[in-house]
Protein chains: 6
Amino acid sequence: MWNYEKKLQYPVNITKCNPQMAQVIMSQFGGPDGELAASMRYLSQRYAMPYREVAGVLTDIGTEELAHMEIVSAIIYQLTKDLSPEEIKKSGFDKYYVDHTTGLWPQAAGGIPFNACEFQSKGDPVTDLFEDLAAEQKARSTYDNILRLIKDPEICDPIKFLREREIVHFQRFGESLRMVQEKLDCKNFYAVNPAFDKLCACEMNK
Amino acid sequence: MWNYEKKLQYPVNITKCNPQMAQVIMSQFGGPDGELAASMRYLSQRYAMPYREVAGVLTDIGTEELAHMEIVSAIIYQLTKDLSPEEIKKSGFDKYYVDHTTGLWPQAAGGIPFNACEFQSKGDPVTDLFEDLAAEQKARSTYDNILRLIKDPEICDPIKFLREREIVHFQRFGESLRMVQEKLDCKNFYAVNPAFDKLCACEMNK
Amino acid sequence: MWNYEKKLQYPVNITKCNPQMAQVIMSQFGGPDGELAASMRYLSQRYAMPYREVAGVLTDIGTEELAHMEIVSAIIYQLTKDLSPEEIKKSGFDKYYVDHTTGLWPQAAGGIPFNACEFQSKGDPVTDLFEDLAAEQKARSTYDNILRLIKDPEICDPIKFLREREIVHFQRFGESLRMVQEKLDCKNFYAVNPAFDKLCACEMNK
Amino acid sequence: MWNYEKKLQYPVNITKCNPQMAQVIMSQFGGPDGELAASMRYLSQRYAMPYREVAGVLTDIGTEELAHMEIVSAIIYQLTKDLSPEEIKKSGFDKYYVDHTTGLWPQAAGGIPFNACEFQSKGDPVTDLFEDLAAEQKARSTYDNILRLIKDPEICDPIKFLREREIVHFQRFGESLRMVQEKLDCKNFYAVNPAFDKLCACEMNK
Amino acid sequence: MWNYEKKLQYPVNITKCNPQMAQVIMSQFGGPDGELAASMRYLSQRYAMPYREVAGVLTDIGTEELAHMEIVSAIIYQLTKDLSPEEIKKSGFDKYYVDHTTGLWPQAAGGIPFNACEFQSKGDPVTDLFEDLAAEQKARSTYDNILRLIKDPEICDPIKFLREREIVHFQRFGESLRMVQEKLDCKNFYAVNPAFDKLCACEMNK
Amino acid sequence: MWNYEKKLQYPVNITKCNPQMAQVIMSQFGGPDGELAASMRYLSQRYAMPYREVAGVLTDIGTEELAHMEIVSAIIYQLTKDLSPEEIKKSGFDKYYVDHTTGLWPQAAGGIPFNACEFQSKGDPVTDLFEDLAAEQKARSTYDNILRLIKDPEICDPIKFLREREIVHFQRFGESLRMVQEKLDCKNFYAVNPAFDKLCACEMNK
């Protein structure tokens, strides 16, 4: 279970509306490679992960991604909360506004609703960790794209923090993958799925 | 931000596989009225909620629904983790298994991937609270349906706990709605959306 | 069955193109809280509604929402039918135009295709009526948002009519809910689902 | 606008539950080639149809498909309304039941929610009529498939009526297509879209 | 199986960026009536087509649509590959860019991800061929719409080639339909589905 | 462009119907980690890949995955083509059959229509190659799951061939990733996206 602590993992203090950029950043809330997708990917995968240490990494990072989702949500809300109807129409934010006012709803920048097809939980430790390495690279690229479009330091500062964390997560998943491969202790580590085949019971939960 | 506490809000100790019922219960993980939908609904809505007290209720319940998602996930995993290939085929679980082995992935019982169209965040306090009242009733009905299908006490016991919590949440959202309507202090409380119109600044954040 | 009467429930006479606003209003045709969703929600729910009187309300309102869908469709078509290619490009309507010319196709303003995940039919009278109360509030908020963006009386006039009808429907669903709760005649009206449990046969179809 | 007449276009009197076949028939309610899709396809297309007579055909058939949707809904409800929990589990209907009890919700037999991608409204008279000819053939094939699976006359009788109507609609759309091509009066009738190009004003609304 | 030949079926040489039109043309890559949908429709349908000659037409045209997908992809990439961040923001391409940089990903102009609900494979020769006739008309109309919006000959030239090919395909599907109807050799060619009913074995694979 | 060669990359000769397993194997046709997804992922990514050699690998493997899609299609069709209505009902294949007879349509085993959210094309060489490594692992795991459920050598033989090819592709993408990282020639290879930033022109197209 989780306990809420009433603070952001990294502060967000935005003083100017920018509905166009809010809609772009929305992809890191509810887009294909956003923080909600990341959190649900890792928190779902941990059940079938047979190695306690790696399951712990998935829980930790999945929990941190919830905090990132909260940071991104704060950015989007601060970029849109004081808009006038004229600003909404002029910026093209009207297509989002009509259905959600200035409320937050998880979608990609292009309008695709958040959906579980955007991530996978495969029930195979090696495969799930490759999924996670790819996920962190995709999130990193999304932040790179945001940073190419936005130069306002009020926005860029928390975005840069989030981007750095993805690289740290990428490294932790890399270490987890090495650990899994060593436990399997075999050249062709595809011969068995320790999450299902129950052939290497001695290796698990160390 | 959230801190993870390594315990379930309510214990789950299931000793017998039941893949058919696991797939039915899956709707309370990733289905239209499941715990993930509930959590994301409330955690998304809180940004545009202009009354601090009600925003706090959304955060609290949204956080508790994460814990419920974890309970449901544990139920599903314990019902499927020791299946043999023969049991998988015989129970019809093979259609899920082929894509996720015994990993967890948020979908409805009928196979629909979790998606954000299953909940709404409208940016209007009265409307969002009616959405939430309906959501709690829908979750309650889903648990009712599960309890009509399953009699095994190992499964029913945590399901009954979860069902009771939905009713408590329903009551808290009812109180929140009364609070919002009193703050608006007007017969026709649809005349203004305090989340957007900024007409009742004095009423907010009390 | 239905008989078509060749007139709109409320007249629509729009003399000026406005493709940007047409796309915003489109959410009340095929968006998450639009008229098509409303109609299909009520017309689907009526089968499992065990009280004849309430089933009649669902049929009536579901039929009226079809008429509203027709009004919204007429608004959208009149706002776009005489566009030149230059106007289409300049207004951003080109992304819709390329796939539908100036034909009508049910989608949300942000591009999401109409889909059944946007409404629920739960087979439980209390739950379905809360779903309906929420639906009417969500439709009302959408019309509020449209009215904040548009001031042209040719458009606002039918939109205001439609908004008023949602409030009337909300009240009728409120009365229906009270009737259902009285028929169940018990404090904890969640103890039984009269649509399924067949425990209160005497209460039904009065 | 539409007026509801409290009778089915064709009677449905089913006396035996059959949840497996109910789920198969569900595709004609909310499936890709079902009655809801048909109705929405034709009622949407009529706005951009420049020939009054053909627009009238679209309204007529779109209205009749609503009546067909009602017949199919009645079949499904009568096939499932008196199920016991044991029958629900044994027949595999549990995956639908958990989210909708015995309420109706538009989905395909395989679980896909009804969605607007399943039909097209292209804003071009010739194209829309080919879409409609194809739609009627697809509906006809779906009914053929149902009739190969079901032999119970209580079910087959209304299904056969519905299948016959699709063939009648196919013929009416064929006549409409000929009428459109004659009005365009040119060998290469793709040279102009009378719904948009406004080049043949004299041809329209005859 | 397929062999790749490193040349486009028709040359594409675009020298000026145009991100707005790139997004419109994207519908012919991954939109409801685009080349990917066309190719997958025909390559899927050919398995259940009982007449060898018509199955060959489906394979041929399905393969050619892959080549068309490649032409459309080249157009989109050449229209966007040298964009600056400022051009991306100004043109509204930022909502696509944030998730895909200038990579290609199959979606409609309005943002809908390519999905299989956009085409049908019905397992009935007459029905599938009507589906295909409609598909070619829909693709033709989409190209017509593009040609109304774009006048730059560098873009229009390959678009006109693609449009012409759709008309040729339409004619080939028309001939295929006549061939199927002749083989069935009966006035009411709906009485049997030769793909399933196996009643006319002598007719097949001629 | 592609040329079709009328032979399968690996022979498929199945002599016994097995509709339950056909539906499971369907995930390798149109499921989240199936051959169609793989092909479209690689054929889409190649446009923004700045290194000619790696773009060639994407074209080669994307083309081979089309051939794999054809093998999987042949397996599914041979497993279902001679079914009787009774076998269809008994095996649960009826939910697919009603909408597609025995035609092929790309969906996952659990019924989810093929959709582009199931893969990503990010426009960043390092990221896209990690996406591809993960994709090959996910496909490999899916084949592993199929092989745990099916023992019939007629089916297993081509499935084993396909599984082996995924491992070969995984290795080729690993080599491609090393090549990209060497070309970038910098420890922190995330500092630049050569597909967009155009900073290392000299490195490209070698």
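This briefing walks through one chain interface, a few individual residues and two chain pairs that stay apart. The model is predicted, so local features need pLDDT of at least 70, side-chain atom pairs count only at pLDDT 80 or more, and totals for chains, interfaces and linings use all residues. Residues are numbered from 1 along each chain as its sequence is written, chains are lettered from A and ligands numbered from 1 in the order in which they are written, and side-chain values use heavy atoms, with hydrogens and water left out.

**Where chain F meets chain E**

- Chain F and chain E each put 52 residues into the contact (heavy atoms within 4.5 Å).
- About 4600 Å² is buried between the two, with carbon and sulfur atoms giving 62%; buried area here is the accessible area (1.4 Å probe) lost on putting two parts together, summed over both.
- On the chain F side, Met1(F), Tyr47(F) and Phe196(F) supply 19% of the area buried against chain E, more than any other three residues.
- The interface has 2 salt bridges (a side-chain nitrogen of Lys or Arg within 4 Å of a carboxyl oxygen of Asp or Glu).
- Arg46(E) and Glu70(F) pair up in a salt bridge at 3.3 Å, N to O.
- As for chain F's elements, α4(F) gives the largest share of the side touching chain E, at 9 residues; helices are DSSP runs of H or I, at least four residues, numbered from the N terminus.

**Ser27(B)**

- Ser27(B) sits in helix α2 (residues 27-30) of chain B.
- With 0% relative accessibility, Ser27(B) counts as buried (under 20% relative accessible area, with exposed over 50% and partly exposed in between; 1.4 Å probe, protein chains only).
- Its side chain comes to 2.7 Å from the backbone nitrogen of Ala109(B).
- Beyond neighbours within four places in sequence, the contacts of Ser27(B) include Gly34(B) and Gln107(B), plus Val98(D) and Asp99(D) from chain D.

**Val98(C)**

- Val98(C) belongs to helix α6 (residues 94-100) of chain C and is buried, at 0% relative accessible area.
- Leaving out neighbours within four places in sequence, Val98(C) contacts Lys122(D) as well as residues of chain E, among them Val24(E), Ser27(E) and Ile146(E).
- Ile88(C) is 10 residues from Val98(C) in sequence and 9.9 Å away, C-alpha to C-alpha.

**Asp60(A)**

- UniProt lists Asp60(A) under "binding site" in an unreviewed entry; such annotations may be inferred rather than shown by experiment.
- Asp60(A) lies in helix α4 (residues 52-80) of chain A and is partly exposed, at 43% relative accessible area.

- Chain A and chain D share no contact, and their closest C-alpha atoms are 14 Å apart.
- Chain B and chain E don't touch either, with nearest C-alpha atoms 14 Å apart.

Terms used:
Helix = DSSP H or I, 4+ residues; strand = E, 2+ residues; numbered from the N terminus. Polar contact = N/O pair within 3.5 Å; in protein donor to acceptor, adjacent residues only side chain to side chain.
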